[in-house]
Structure formats: structure tokens, C-alpha cells
Amino acid sequence: MTKEGHITSSCVISSNTVYKNGKHLFINTGADVPDFLNSIYKYFDLSYSRFYKMDSLSKLGWLASEILLKDTFEKDKYKPEDVGLILSNANASLDTDMKYLNSVSEIPSPSLFVYTLPNIVTGEICIRNNFKGEDAFFIFENFNARFLENYVSNLLTSDILQACICGWVELVDEDYKAALFLIEKDKSDESISFTKEHLNMIFDNKKAASANLPEVYIAGVGVISAIGNNVAECITAFEHEKAGIGDITHMQTIHRNKLPVAEVGFTNEELAQITGLPVDISRTTMLGVIAAKEALQDAAIPDLSSLRTGFVSANTVGGMDKSEAFFIPFLADNKRGKLRNVFDHECGSVTEAIADELKIKDYMTTISTACSSSANSIFYGARLIKNGLLDVVVAGGADALTKFTLNGFNTLMILDKGFCKPFDENRQGLNLGEGAGYVVLVSEKVAKNLNKQPYCKLSGYNNSNDAYHQTASSPDGTGSYLAMKGALEKANLQPSDIDYINLHGTGTPNNDSAEGTAVKRLFDSVYPAMSSTKSFTGHTLGASGGIEAVFSALAVKYGLIYPNLRFETQMKEVSFSPETKFQKGKQINHVMSNSFGFGGNCSSLIFSKI
Amino acid sequence: MKIYIRSTAAVSPQNTFGNADFLIEPVEYYGTRLAAIEPDYSKYIDPKSIRRMSHVIKMGVASAKECLNQAGVEIPGAIITGTAFGCLEDTVSFLTRVIEMDEELLPPTAFIQSTHNTVAAQIALLLKCHQYNNTFVHKGISFESALLDAVMLLNENEADNVLVGGTEELTDASFAILTRLSLYKRWPVDNLSIFNTRSKGSIGGEGAVFFLLTDKENETNLAEFKGVQTFYKPENIEEVEKKIISFLKQYDLKIEDIDLVITGKNGDLKNDDIYDQLNQSVFSNVSLANFKHLCGEYPTASSFGLWLAANIIKKGDVPAIVIEDEVKTDPPKNVLIYNHYFNTYHSLMLLTAC
């Protein structure tokens with residue numbers, strides 16, 4: 001049976017605070033429970049003589065229902081018997097039962113006795129509002145969102161009710177909490193879908209307020225990586241299943257011919273010639289300029305100069321390739337070393353140089369959260385638009401190969417001496433790569449003025465922390481799980497809505513096992529198509545989220561699924577395998593892209609068809 | 001929605017950590033490098049971890065935890081840091097070994113802790129905080145970017161409170177390089193009289209300053225955080241003036257309504273010229289205060305400026321050592337912080353009494 005209904009209003013009263021639809025309306029920290037309840041009654045200017053006769057539990061539930069329905073509920077839409085009330089708590093009417101028991105030793109109080117049933121709360125609310133539909137009170141140890149979702153949606157789908165107030169009202173001594181939800185069949189401007197996840201989110205005061213924020217669209221994409229110097233070349237490489245991994249040719253290192261990497265084909269001299277930049281600047285900057293320019297040209301936004309435009313970029317080691325050259329003479333004598341080589345060491349310098357080339361100056365910043373850096377830069381950019389601060393944001397990241405990172409990953413013993421095999425039982429590690437990937441994010445208004453249809457929209461995103469270890473992922477992939485789950489909630493989607501996951505899939509035993517476990521936990525039985533494009537591009541670190549966002553946007557637009565190269569044996573701990581063949585023209589509505597990094601930084605993005 | 005500074009904690013070259021007096025006895029240095037005064041880390045971090053952690057990680061973690069203690073909050077709704085240089089000590093240490101050992105037999109620890117997000121990550125790890133975690137690394141507006149992210153998260157109702165901080169460490173290598181790049185003076189100076197030297201260069205500094213921002217009212221909130229704005233490469237001083245006026249206008253304020261402007265003057269002639277020009281125009285009738293003689297110049301030094309402003313408002317007292325000439329409205333209610341970084345990145349932050 002399909003679930004029906006929308007949460008059109010919510011009210012939570014807890015911790016001396018009253019919240020409606022996630023916004024706190026009233027707070028009174030000094031008061032005890034009875035005084036706090038009376039202060040709510042006064043603050044909201046309520047007038048109902050029965051209020052002062054009620055016991056505390058009824059007062060709490062009644063107040064929550066008043067605030068829940070105030071200004072949001074169109075009572076005239078419904079007949080009295082069409083509106084019902086399904087409430088729950090853990091301790092029934094224990095608070096009043098105890099008070100009544102105490103009164104028995106002297107004179108049993110009839111006014112207390114009538115409240116020694118929990119369903120009196122529902123009665124009080126029904127009397128006040130003349131509701132005559134089904135009502136019930138259930139006892140659960142904890143707030144049971146799954147039960148409420150099933151029970152109430154059945155009442156709605158079978159037309160027993162047209163609207164229902166449901167939730168939790170609990171009060172024992174100084175502990176109390178009310179969380180009421182108004183469920184109606186029709187959507188409203190502020191409503192969110194009636195799911196157990198949303199009930200829990202509101203119950204815990206974690207409202208997905210951005211469900212109401214404006215949409216952000218992807219109007220242009222640009223990429224440079226080991227498999228191609230632009231979008232078209234990368235798609236061709238996927239089609240021909242041609243990886244970009246090979247021997248080190250540009251960098252001077254003892255690991256040449258020992259550790260394979262995924263290099264961009266151009267030398268620094270060639271990059272300088274193409275970009276018109278001086279050859280002695282960081283390779284990261286030059287890669288970034290190429291991809292960001294492609295993205296901006298692709299978007300072809302009319303009258304761009306009249307719009308508020310920002311640049312949010314990511315990288316992990318800034319101008320480290322040049323700092324390495326500086327440090328050799330500097331270490332021998334700290335008065336030596338060409339200052340030009342260290343001047344742009346900071347991550348921000350790379351961003352600034354690219355922004356100057358793009359002539360963007362309204363806003364710029366840089367994010368560095370290791371391997372999830374550019375996924376974070378993309379959704380930070382989207383939020384700048386959603387918050388009305390900018391109209392257009394070029395967002396993504398760039399990273400060139402450096403001796404610093406190559407040796408760093410080598411000390412961790414997570415580099416594969418052969419070509420990486422993501423999500424394979426016999427995977428040995430990752431291959432480092434380099435490149436840059438950017439998307440052009442635009443507001444709804446800008447999207448409407450484009451001369452072409454945007455690629456897709458950025459519908460979901462989440463950043464969660466694994467909080468397990470500085471470099472290793474937790475065995476159950478807690479951070480990955482929370483990031484994917486959070487992104488689904490943000491996009492208001494179910495796991496079964498996702499058609500393709502662009503996995504983080506580095507090829508290290510630890511990452512793929514943690515990510516696989518998290519995917520299993522979230523998607524079990526409804527596995528979408530999955531693959532790691534790092535089997536083509538290598539792991540491009542701070543650029544990977546940007547590059548893979550470009551691939552994800554293309555997947556939505558052209559119905560592409562990318563193959564996971566060199567896959568042979570399914571991992572023992574999971575019951576799924578990645579896709580191994582390139583496919584195009586598929587119906588793809590939603591793509592998830594995962595980026596996880598050192599420091600437990602886990603981010604997931606969701607790209608959706610318009 | 002209103003946003004408040006719930007609490008703050010600062011590790012800096014001054015006695016700012018814990019229950020120290022509010023800059024009554026400023027610490028005097030003779031030289032061009034101010035080093036942060038280390039608190040007793042064992043109160044915040046277990047001894048085994050202390051040994052592994054670099055200077056900036058220890059400063060950051062201690063100040064973050066103290067900030068949460070002050071607020072009585074165990075787990076924040078998000079952790080966001082700003083740092084231009086990141087974990088320099090570990091970065092330089094690993095880079096040095098790569099070169100000196102010729103890429104062989106390298107220990108991984110320095111590399112592991114070299115990523116810019118290490119401070120935010122270590123805080124999350126110690127708190128077991130799975131929430132939003134981000135690190136901004138954009139030169140002189142790294143901290144301001146983190147603040148803007150925090151403000152947006154609160155606006156989006158994604159969190160009830162956000163831990164946000166600016167961290168930076170100065171190492172021997174970075175001090176030598178930045179001195180060669182003419183950031184610092186070429187001869188030793190007394191930090192407390194740096195504004196009288198009228199010469200090129202500033203003094204280097206470092207520190208870790210954290211804030212807990214919240215949208216919940218509370219009696220012990222320090223100040224209301226009205227907003228933050230940054231701008232890049234203004235064409236001329238008139239554009240800076242315009243930006244300042246339009247920033248205040250967003251909050252229905254005029255420059256006359258500002259009781260105190262805290263500026264990022266750092267003792268470098270060229271740098272301070274911008275402030276001097278503004279003091280003749282937009283700031284000509286407002287009370288002025290400075291802070292970089294106390295914490296030194298570094299890319300996230302504006303976090304020290306914000307710490308100062310929040311404390312001035314809460315305590316209703318402007319420490320004598322920060323006052324440029326006189327304070328006309330005492331205690332100040334509306335405090336503006338204006339800072340620029342090489343006249344490339346400019347930032348404005350506005351606080352008001354709750």
C-alpha cells in the first residue's frame with residue numbers, strides 16, 4: 001500500500017522551549033513545570049476556562065495542540081468525524097496517578113481521579129476542537145515513528161480519516177516532552193512528506209528546514225583528469241573503458257616505474273601555454289583554470305556580469321609542488337630558496353589565482369577537508385545561493401600530484417603497486433591521480449534565463465563525521481552511512497529512488513569495506529547501480545568530489561552508468577557488485593556521489609533530474 | 001532570527017585562557033614573533049594524545065573544549081574551523097623528511113596530521129561528534145568564511161549551536177620565510193608600542209580562538225552576532241568606505257550608531273595606511289581600538305578581534321591597552337570589527353549587546 005499524507009504542521013514542547021515547525025517561538029528557562037505550562041498559556045494569549053482544571057499531562061498536550069493548529073489548520077475543510085487523534089507516551093498518566101494516590105491518604109480528589117487515564121488528553125483536545133474521528137492512545141517505551149507512520153497512513157488511505165493529529169505527550173515530575181504532528185492528505189507550502197524519518201527528525205528537533213529553501217541547478221560542467229582534458233574526452237574514455245593510469249612521467253621521484261599514478265597528459269610547459277599563465281606557478285592552479293573555464297563557458301550564462309558570482313574551490317596541499325622545490329635549498333640554508341616558489345604555498349592562493357582568471361570577485365573561499373574537500377565546496381556554494389547571498393557559484397576543486405602526497409600515502413601503505421581494483425575482494429590499495437572538476441551552480445532565476453536546459457539540480461547533500469580515527473574509517477562506516485542517509489533526507493528521497501551511486505571507492509581495503517558496509521546498511525535489497533570512477537582517474541584527492549560531481553551530472557543528463565574497471569571478485573562482506581560495463585541512454589533520475597576523507601570527513605551529494 | 005555568541009575561549013600570546021583578567025596586565029614581548037601562551041593541556045587532552053599532537057592541534061582542541069565548557073554544551077551541532085596555513089609544523093616536518101631521507105623510510109605520523117582539517121577532525125574525534133564538520137583555508141578570510149558557514153547553518157535550522165574557530169601556528173620555517181617576504185619588521189620591537197614605530201612590517205603571531213554560536217536566547221550569552229561580510233580587492237578607499245556603510249545599513253545602522261570600531265592595525269606603515277585614511281573619513285567620529293599588538297599578525301587574527309569585541313560587550317569594559325584615543329560611549333553596545341589582509345581581503349563583523 002502506498003503511504004499517504006504530509007506533515008503540514010508540527011509542535012514540540014521540551015527543555016523549557018516551544019517550537020513550531022522547527023522554529024522556537026517561546027522559551028522560559030527559570031520556571032518549574034506547572035509554571036512553565038501556565039506561562040505558555042499566557043504567552044500565546046489563549047483563552048479556555050477548562051485549561052486551569054486540567055492535570056499537567058493534559059495541559060501539555062492541549063497546549064501543543066493549540067500551537068500546532070494555530071494559523072495553520074483550516075478546520076472548515078473537514079467534517080468533525082474526518083479528524084482523528086492518535087497519541088502515545090511511555091508512562092500513561094503516571095504523574096497524576098501518583099498525585100491521586102497521595103491524595104487518597106487524606107481525601108481522595110475527584111478532580112485528580114478523572115485524569116488518571118492517559119486518553120483524557122485526547123479527550124480534552126477533541127472537546128476543544130469538536131473532533132469526532134478515531135482517537136486512541138498507545139503506550140511505547142520510546143517514541144515510535146514507524147508505528148505512527150503505518151497506523152496513521154492506514155487511517156488516511158482507507159478514508160477513515162482525512163486529517164489526523166498524532167504524536168507523543170509525556171510528563172512525569174520534571175520530565176516532559178510533547179511532539180505533535182498534523183497529518184493531512186494535501187500538501188501545503190511548508191509541508192514535508194509523512195515519513196518516520198521526518199517524524200524522528202522533528203521529534204529530535206532536527207528539522208530539514210532547507211526543504212523549503214530554493215532549488216539550485218547545475219548549468220555547466222568542466223573537468224580535466226588523466227582520462228581527458230575536457231568533458232568530451234572523459235566521456236569517450238569511459239565509453240572505450242580506457243583508464244588513465246600509468247607510469248609517473250612528470251614528477252622527479254624515486255617511485256617512478258614503481259608506483260602507478262593517473263597523470264594529466266600535459267606537461268607544466270604545455271599547461272602554461274594553454275592557460276597563458278607563467279610556467280612557474282603551481283600545476284594545481286593551471287589544472288583548475290582549465291576545468292573552471294570550461295565549466296563557465298559551458299554554462300554560457302547570459303549577462304553574467306550583472307549577477308552576483310562566487311568561486312568556491314578546494315584543494316589539499318595548495319602550491320606544494322612549488323614549495324617542494326623551494327624547500328630543497330631552504331633546508332640547507334634558510335636564507336636561500338626562490339621566494340616566488342613558496343609565495344603561493346597556501347591553499348587559498350590557488351583559488352585566488354583561478355578566480356582572477358575567471359574574473360570572479362564578488363565572493364571566493366577555499367575548503368580543505370582532505371578527500372571530501374570539493375564535495376563540501378560544491379554544497380557550500382549551493383547554500384550560498386539558497387541563502388540568497390549569490391546568484392551563480394563556480395564550485396569544485398583541483399589537486400596536482402606532488403611528492404608530498406605520493407610519499408604520504410606511500411608511508412600509509414595504501415598505494416597499489418598495480419592498477420587499483422575498487423570494491424574487489426582482492427583490492428590492494430589506491431592509485432593517486434590529479435586533475436580538476438567544477439560545476440556552475442545557479443539559482444532558479446538564473447536557470448530560467450539560460451539558453452539551454454540545466455544538467456540537473458543538486459537536490460541533496462550532507463556532511464557527517466565518522467569520529468573514529470584520523471585516517472582510518474570505522475568498520476561499520478558510520479560516517480559514510482550518516483552522510484548518505486542525511487543527503488537522502490535532505491533530498492526527501494528513499495534509498496530506492498537512487499539509480500546510480502558514484503562510490504568514493506578508493507580501492508583501499510579499509511575504505512571499500514567501510515563504504516560497502518554503509519551502503520549495505522542503507523540500500524539492502526534495493527541496490528542501485530554502483531561504480532568507482534577512480535578505476536579510471538585514480539584518486540584525485542581534493543579534486544575528486546568535483547570531478548565526480550561532473551561525472552554524476554553527466555550521468556543524470558545523458559543516462560550514463562560508468563564501469564568499475566578490473567572488477568573480478570565480489571567482496572565477502574557485501575552482497576552486491578559494481579557495474580562493469582559502460583551504459584548510456586538509461587533512465588536515471590537520481591545519482592548519489594560519495595566523498596570521504598582523512599579526519600573522518602564524509603560527504604554525499606545527490607544530483608536529480610529536473 | 002537572532003544569532004548569539006554563547007561562549008568563547010582563546011589561546012593567544014596574551015593571558016586570555018581560562019579565568020584570566022581581561023587584559024589588565026598585557027604581556028610584553030621584545031622581538032618580532034609572539035608565541036601563544038600554552039595552557040595546561042592535560043585538563044583537556046589525555047597525556048598520550050598530547051605527545052602526538054602538534055602545537056596548533058593542541059591549541060585548537062583545548063580552546064574548543066574550553067569554549068564548550070563555558071557554554072555547558074557537550075556536543076555542538078557542527079564544528080567549523082578556519083586556518084590559512086593549516087598544520088604547518090607537521091607539513092614542514094614531513095616535507096623535510098621527504099627531502100632529507102630522499103623519499104625513503106618515512107614515518108607516517110606527520111603526514112597523517114598535516115591535512116588542514118586535522119584540528120576540526122580531532123575535536124570531532126575527542127567529542128565523538130558525528131555532526132557537520134568543515135574547514136576553510138582561504139588566506140585572510142579563512143575564519144570569516146567559517147563564521148558565514150555557521151550563520152547559514154543556524155539560518156537553515158541545521159543546528160542549534162555551532163562551534164567555530166580560527167587557528168594558526170607560526171613555526172621556525174614559516175617565521176623565516178614570512179620574514180624574508182617582508183611581513184615582519186627587520187629588527188626587534190616592543191609589541192605594546194608597535195603603533196609608534198612608523199616602519200615597514202608587522203610582528204608575527206598565532207593562536208586558536210573558538211566561539212559557540214547559537215540562535216537560542218540565554219542570559220549568559222556574550223553578545224548578539226549581527227553578521228559578517230568579506231570583500232576582495234577594492235578599487236580604492238572610497239569603495240572600502242561604501243562597503244562599510246552598506247554593511248551597517250543592512251542592520252539599519254549608521255556609523256554614528258557604532259560605539260566602538262576595532263581595527264586590524266598591525267604596525268606596518270603600508271597596511272595601516274588604509275586604517276589611517278578611514279580614520280580621517282568614515283571612522284573620524286567613532287571610538288577606535290586595536291588588537292594586533294597583543295596577538296600579532298596572522299591570517300586568522302580577526303578571531304582574536306572578535307573575542308575582544310564579545311568580551312568588551314559582555315563585561316562592559318574596554319581594556320586600556322586596546323584603546324586608540326578615547327572611548328566616548330562606555331560601555332559600548334554596538335561594536336564593529338574591521339580587518340584587512342594586505343588590502344586584498346577585507347572583513348567586517350558586527351556585534352551588539354543582547
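How far apart do the C-alpha centres of domain 1 of chain A and domain 2 of chain A lie?

1. They lie 46 Å apart. Domain 1 covers 6–204, while domain 2 is made of 216–323 + 364–608; the bounds come from an automatic or database domain assignment.

2. Before going on, keep in mind that this is a predicted model: local features need pLDDT of at least 70, side-chain atom pairs count only at pLDDT 80 or more, and totals for chains, interfaces and linings use all residues. Residues are numbered from 1 along each chain as its sequence is written, chains are lettered from A in the order in which they are written, and side-chain values use heavy atoms, with hydrogens and water left out.

3. On to the interface. Chain A brings 75 residues to the contact and chain B brings 66 residues, with contact meaning heavy atoms within 4.5 Å.

4. About 6,100 Å² is buried between chain A and chain B, and carbon and sulfur atoms give 59% of that. Buried area here is the accessible area (1.4 Å probe) that the two parts lose on being put together, summed over both. A:K361, A:F404 and A:Q470 supply 11% of what chain A buries against chain B, more than any other three residues.

5. The rule finds six salt bridges across the interface, each a side-chain nitrogen of Lys or Arg within 4 Å of a carboxyl oxygen of Asp or Glu. If you want one to look at, B:E156 and A:R383 meet in a salt bridge at 3.0 Å, N to O.
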